[in-house]
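Please look at the sequence and the structure first, and then read on.

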Amino acid sequence: IQDGRVREVFVTLKGDRLAEVLDEPSTPRMEERLAGLGVTLPEGFKGEMSLAMEDWIDQIAETLSQGFVITIDYGQLAQNLYSEQHSQGTLVCYNKHVASTDPYQFIGEQDITAEVDFTSLMRLGERHGLATVGYSLQRHFLANLGFSSFIDALQTQNLSQARMELRLMTMKALVDPDQLGDFKVLVQAKGM
């Protein structure tokens with residue numbers, strides 16, 4: 001947000017270096033999305049927005065005649081995602097398991113990611129005929145599916161102690177809030 005207006009970050013070349021340039025949004029969809037969310041962003045706010053999300057959810061809704069869509073990822077509801085806590089966005093880059101916020105280093109050699117706006121995903125889904133059935137933390141979702149019974153079942157498998165401990169540790173990572181347990185799970189349905 002610059003001078004109270006939504007701006008888009010474009011990347012250009014200045015000499016032999018990549019540089020960011022703020023300019024008018026390339027599409028009105030950015031401002032429409034924010035207005036639809038009822039979000040007012042403060043001056044200087046910088047964040048990410050997935051406009052491709054709408055095409056993706058449209059393809060899913062068009063392909064699916066009846067069933068469920070389960071989306072599991074890290075992200076937040078819009079009120080949290082577009083809050084002061086994330087005033088510089090949620091973009092994170094990973095190179096050799098080391099995190100940074102600089103997408104212009106290690107070009108082509110790092111993963112670049114940002115948190116999912118689950119509010120937009122829900123609303124877009126509903127516009128395309130996908131009803132929101134549930135939204136929760138992954139650890140709660142798995143617990144409700146009987147996760148503990150899968151842990152118990154490890155005891156009945158003919159595994160070495162080392163393999164059993166490795167599987168147990170891996171499974172527990174799925175529900176550990178410091179690891180993957182705080183991933184969000186969105187369940188949407190069509191024709192159910």
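Which residues line the largest cavity? In this model, which is predicted, the lining of the largest cavity is made up of F45, G47, E48, L81, Y82, H86, G89, T90 and E115.

**The cavity**

- The count comes to one cavity of 30 Å³ or more, and the space in the largest cavity is about 40 Å³.
- Sorted by class, the lining residues of the largest cavity are three nonpolar, four polar and two charged.

**The largest pocket**

- The largest pocket holds about 820 Å³ of space, and its lining consists of 29 residues, with V9, K46, G47, E48 and M49 lying nearest the centre.
- Two or more residues of this lining come from each of the elements β1 (8-14), β2 (17-23), α1 (29-37) and β7 (111-113), and the largest share, three residues, is given by β1.
- By class, the lining of the largest pocket has 17 nonpolar, seven polar and five charged residues.

**The packing of α1 and α4**

- Helix α4 (residues 118-127) packs with α1 at an angle of about 95 degrees, and the axes of the two are 11 Å apart.
- Because angles of 65 to 115 degrees count as roughly perpendicular, α1 is described as roughly perpendicular to α4.
- On the α1 side R33, G36 and L37 take part, and they meet T119, S120, R123 and L124 of α4, so that, by class, this contact has two nonpolar, three polar and two charged residues.

Technical notes:
Residues are numbered from 1 along each chain as its sequence is written. This is a predicted model: local features need pLDDT of at least 70, side-chain atom pairs count only at pLDDT 80 or more; totals for chains, interfaces and linings use all residues. Side-chain values use heavy atoms; hydrogens and water are left out. On a 1 Å grid over the protein atoms alone, a cavity is a set of points where a 1.4 Å probe fits but cannot get out, and a pocket is an open set with protein on both sides within 12 Å along at least five of seven lines; lining residues have an atom within 4 Å of a point. Grid points are joined across faces, edges and corners, and a volume is the space filled by probe spheres set on the points. Helices (H or I, at least four residues) and strands (E, at least two) are DSSP runs, numbered from the N terminus. Axes are lines fitted to C-alpha atoms, for helices over the stretch in contact, and angles run from 0 to 180 degrees between N-to-C directions. Angles under 35 degrees count as roughly parallel, over 145 as roughly antiparallel, 65 to 115 as roughly perpendicular and the rest as oblique. Contact means heavy atoms within 4.5 Å.
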